[in-house]
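Subject: Structure handover and findings

Dear colleague,

Please find below the structure that I am handing over to you. I would be grateful if you could read the notes after it with the model open.

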Amino acid sequence: MTTATTPTGRHVVVVRVPMRDDDLLLPLRDLQNLFIRYLRKQPPEGDYTILIMRQDGVPEVHCSFAEGRDAERLAASIHGEPATPGETEASRHFVEIDDEILLEIARIAGPPSFKRAKPEPSETGGPMRSVGAMRRR
C-alpha cells in the first residue's frame, strides 16, 4: 500500500541565528519566546508552532504555519527568501538574521512580561502567612 503526498503540509519559515566567537551561548528558550512575542504583535490567521532546532551546531527558529499567507507575511517582515521545501512541507522560506534584524524583531516584540498570580490577601486584612510558616496542629 502506498500513500500519496497531499498538499496539506505546513508552511515553514526557517530563521538561522549565526553564532559568533564573542557570543556566549544564546539562551534558546529566550529566542523562542522572542518569536512568540513577535507573532503575538501580528497574530497569524491560522495555527502555528515555533520550535528551536540546531542545524550544524547553529540555532534555527522553525516557525510552522497552517496558512501559507501567515508564513509569507512573517518571511517578508524579516527579509526571508523562498527556499526549496522539505518532503513534508508545502512551502519554505529561509533567512539568516543579523544583529540589525534581531534588534528590530526585539523592538517590535517588546520586552518579556513576568506576570505572576498575586496571592489573595488574608481575611484579616493582614499579610498572608507563608506556606513554610504554616504548621499542622
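This is a predicted model: local features need pLDDT of at least 70, side-chain atom pairs count only at pLDDT 80 or more; totals for chains, interfaces and linings use all residues.

Overall fold

The protein chain contains 3 helices and 5 strands, arranged along the sequence in the pattern β-α-β-β-α-β-β-α. Of its 137 residues, 31% are buried. Taking contacts between residues at least 6 apart in sequence, 63% join residues at least 24 apart.

The nonpolar core

The largest nonpolar core has 21 residues, and the members that touch the most others are Val13, Val15, Phe35, Cys63, Leu74 and Ile78. At least two residues of this core come from each of β1 (10–16), α1 (28–41), β3 (58–65), α2 (68–77) and α3 (99–109). The largest contribution is that of α1, with 5 residues. Ile78 illustrates how separate parts of the chain meet here: beyond its neighbours within four places in sequence, Ile78 is in contact with Val13, Val15, Tyr38, Val95, Ile101 and Ile105.

Helix α1

The 14 residues of α1 reach 20 Å from the first C-alpha to the last, close to the 20 Å expected at 1.5 Å a residue. Its buried residues are Leu31, Gln32, Leu34, Phe35, Arg37, Tyr38 and Leu39. The elements that cover these buried residues include β1, β2 (48–55), β3, α2 and α3.

Pocket and cavity

The largest pocket holds about 200 Å³ of space. Its lining consists of 11 residues, and those nearest the centre are Pro27, Asp30, Leu31, Leu34 and Arg37.

The residues that line the largest cavity are Leu39, Gln42, Pro44, Phe65, Asp70, Arg73 and Leu74. Here α2 gives the most to the lining, with 3 residues. The lining of the largest cavity divides into 4 nonpolar, 1 polar and 2 charged residues. Leu39 belongs both to this lining and to the buried residues of α1, while Leu74 is also among the core residues that touch the most other members.

Two individual residues

Leu51 lies in strand β2. Is this residue buried, partly exposed or exposed? Leu51 is partly exposed, because its relative accessible area is 47%, which falls between the 20% and 50% cut-offs. Apart from neighbours within four places in sequence, Leu51 is in contact with Gln32, Glu60, Val61 and His62. Its C-alpha atom is 9.7 Å from that of Val14, a residue 37 places away along the chain.

His79 is found in the loop between α2 and β4 (81–83). His79 has a positive phi of about 65°, although it is not a glycine. Most residues other than glycine have a negative phi. His79 counts as exposed, because its relative accessibility is 54% and the cut-off for exposed is over 50%.

With kind regards

Definitions and conventions
Residues are numbered from 1 along each chain as its sequence is written. Side-chain values use heavy atoms; hydrogens and water are left out. A nonpolar core is a set of buried Ala, Val, Leu, Ile, Met, Phe, Trp, Tyr and Cys residues joined through side-chain atoms within 4.5 Å. Buried means under 20% relative accessible area, exposed over 50%, partly exposed in between (1.4 Å probe, protein chains only). Helices (H or I, at least four residues) and strands (E, at least two) are DSSP runs, numbered from the N terminus. Contact means heavy atoms within 4.5 Å. The expected span of a helix is 1.5 Å times one less than its number of residues. On a 1 Å grid over the protein atoms alone, a cavity is a set of points where a 1.4 Å probe fits but cannot get out, and a pocket is an open set with protein on both sides within 12 Å along at least five of seven lines; lining residues have an atom within 4 Å of a point. Grid points are joined across faces, edges and corners, and a volume is the space filled by probe spheres set on the points. Ala, Val, Leu, Ile, Met, Phe, Trp, Tyr, Cys and Pro count as nonpolar, Asp, Glu, Lys and Arg as charged, and the others, Gly among them, as polar.
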